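Have the viewer open and follow along.

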Amino acid sequence: GAGAAGCVVAERLSRDRGSAVVLVEAGRSVRHPLVRVPKGFVLAMQRSGWTYRYPARTADGGRETWVRGRALGGSTVVNGMMYLRGEPTGQDEIAARGLDGWDATAMTAAYDALERPVSAGRDDPGLLDVTVPRWAQVGDEVLEAVVASAETLGLPFVPDLNAGAGPRLGVTPSTIAGGRRVSAATAFLAPARGRPNLTVLPGTRAGRIMLAGGRAVGAVVRRGGATREVRARRETIVCAGTVESPVLLERSGIGRPEVLARIGVPVQVASPRVGEGVVEQRAVTLKARLSRPVGLGSRLGTPVGRARAAGRYLATGRGPLAVGAYELAGLVDTRGDGRPDAQVLVTSLATDETGLAVSRDPGLMVVGYALRPTTVGSVHAGGADPDDLPVIAARFLQTEADRAAAERILRWEQRLLAVAPVAGLVAEVTAPWPGVDAVSYAALTGSGIYHAVGSCAMGPDESDVLDCRLRVRGIDGLRVADASVFPSHPSGGMAAPSMAAGWRAADLVEEER
């Protein structure tokens, strides 16, 4: 997979001219101008040619769709471009499970190596443009009011959200440079494409990992209706994401015996936690209509406004279309113990009832979700053929801790809008409706926010899929490196940790040469 992690792995390992690296990706390069425009992400996510749209079943029998990128660059081609390093304490909690090499110090070292020196106050040597926009680029009357009200609630504004710890609010760090999206493919794959030791196979679907003598020896892939084998002399690294990585292992005979029996695949390695332990963050979104035509909503809520914004973007690369999904991001302590337990995202517009278009009325939207939810679901193969859809059990808000967190987050959002100066701008709160509880509201209106982790999680026990060096237990020469390896969320956004997982994987491969 050539997503957030896979592009990093390919670039790192191909630096060694003595190694031959093959990168297999089912999608292709996307050159459409839409993917370059930061605010075009909503439309990009709806393009079927650039995305997977996986059906998922919720606990109450409902259905929702999990969207993931299908392109060189993976989901970084269609996502909201947030680049959130996360809270150091959350990363240390992951390491405390017996996972050496995954604490905040190790993750910070990976981030520093990944990033190019455009982040505020840092001098990093990497390839990835991570921009913390100047306030003049994103600030408006609505956001200024939010910052002031948040400070009244004890949430201080900081110049770089990724450079600190504890409760804080800042302009959202984004993978945007010069008003254009920066994907994992443009950052990491493009500089490496000219290397003679790197072969990239776009439009190629990985069918299964080939196993022989207790070792992974390559992959069977399908391209243009033809099947071929790609042999690996040293290692095979799976970077297909939380949905596809466990499914690929299962098609290869690695997983729960009852699942493998259901899809007709012989057991090669009995690994009971493949596809289990999936954790996703669930948003509680507050929307408000403003009393005056201010904010992004006043500029993007009408066809004329969108046309003007498009004209400005084409002429200058700036304006409302040059910023990402949310202008502000914050880490909030809703429990009162001084440690952030929730992520909040703020934009000075509100979406309409579909959630896919900007409301015609000027608005404000605050999205909040627990950083480390505890309700678990699963992802399993739907069949032995690569084109068989996975079976996703989407689970949210089923533990008391998660339900209590949702209520606290909604109350915090409501307090934010009730405090001056934001309160003076709000004409009415349009969602949630009066009297509804946060859990019911999130269940009815929310969805997963594309941050699922845990389906191939690391752990100290023999029943865990991976050890702390990302090696698949029970088979040699096989690792997994993507969002699926994290047993819990290290951040409120998973693009940055996924890239860091790819960087750590390359480190581990090099250490074991």
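Leu397 sits in the loop that runs between β19 (391–394) and α12. This is a predicted model, so take the backbone angles that follow as computed from it. Most residues other than glycine have a negative phi, and most peptide bonds are trans. Leu397 isn't a glycine, yet its phi is positive, at about 55°. Is Leu397 buried or exposed? Leu397 is buried, with a relative accessible area of 11%.

Leu470 is another one to look at: its phi is positive, near 70°, and it is not a glycine either. You'll find Leu470 in the loop between α13 and β21 (478–480). With 0% relative accessibility, Leu470 counts as buried.

## Two cis prolines

Now for the peptide bonds. Ala420 and Pro421 are joined by a cis peptide bond, with omega at about 5°. Pro421 belongs to the loop between α12 (400–418) and β20 (426–431).

Ala431 and Pro432 are also linked by a cis peptide bond, and here omega is about 0°. Pro432 is in the loop between β20 and α13 (438–445). Val436 lies in the loop between β20 and α13 too. At 18% relative accessibility, Val436 counts as buried, since the cut-off is under 20%. From Val436 to Arg47 is 34 Å in space, C-alpha to C-alpha, and 389 residues in sequence.

## Helix α4 and its partners

Two packed helices are described by the angle between their axes and the distance between the axes. How do α4 and α14 score on that? The axes of α4 (residues 104–114) and α14 (residues 495–511) come within 9 Å and cross at roughly 95°. That makes α4 roughly perpendicular to α14. On the α4 side, the contact uses Ala106, Met107, Ala110, Tyr111, Ala113 and Leu114, which meet Ala496, Pro497, Met499, Ala500, Trp503 and Arg504 of α14. Sorted by class, this contact has 11 nonpolar residues, one charged and no polar.

Helix α4 also packs against α3 (residues 88–95), at an angle of about 120° and with the axes 8 Å apart. The two helices are therefore oblique to each other. Pro88, Gln91 and Asp92 of α3 make this contact with Ala104, Met107 and Tyr111 of α4. Those residues divide into four nonpolar, one polar and one charged.

## α14 and the cores

Helix α14 has 17 residues and spans 25 Å from its first C-alpha to its last, close to the 24 Å expected. It's mostly covered, with 14 of its 17 residues buried.

Which residues have the most contacts inside the largest nonpolar core? They are Leu114, Phe188, Leu470, Leu478, Phe486 and Met499, in a core of 70 residues. The largest share of this core, nine residues, comes from α14. Apart from it lies another core, of 53 residues, including Tyr52, Ala394, Val422 and Ala431.

Zoom in on Phe486 to finish. Leaving aside residues up to four places away in sequence, Phe486 touches Ile94, Trp102, Met107, Val453, Gly454, Ala457, Met494, Pro497 and Ala501. Met107 and Pro497 also turn up in the contact of α4 with α14, and Met107 takes part in the contact of α3 with α4 as well.

Methods
Residues are numbered from 1 along each chain as its sequence is written. This is a predicted model: local features need pLDDT of at least 70, side-chain atom pairs count only at pLDDT 80 or more; totals for chains, interfaces and linings use all residues. Side-chain values use heavy atoms; hydrogens and water are left out. Axes are lines fitted to C-alpha atoms, for helices over the stretch in contact, and angles run from 0 to 180 degrees between N-to-C directions. Helices (H or I, at least four residues) and strands (E, at least two) are DSSP runs, numbered from the N terminus. Angles under 35 degrees count as roughly parallel, over 145 as roughly antiparallel, 65 to 115 as roughly perpendicular and the rest as oblique. Contact means heavy atoms within 4.5 Å. Ala, Val, Leu, Ile, Met, Phe, Trp, Tyr, Cys and Pro count as nonpolar, Asp, Glu, Lys and Arg as charged, and the others, Gly among them, as polar. The expected span of a helix is 1.5 Å times one less than its number of residues. Buried means under 20% relative accessible area, exposed over 50%, partly exposed in between (1.4 Å probe, protein chains only). A nonpolar core is a set of buried Ala, Val, Leu, Ile, Met, Phe, Trp, Tyr and Cys residues joined through side-chain atoms within 4.5 Å.
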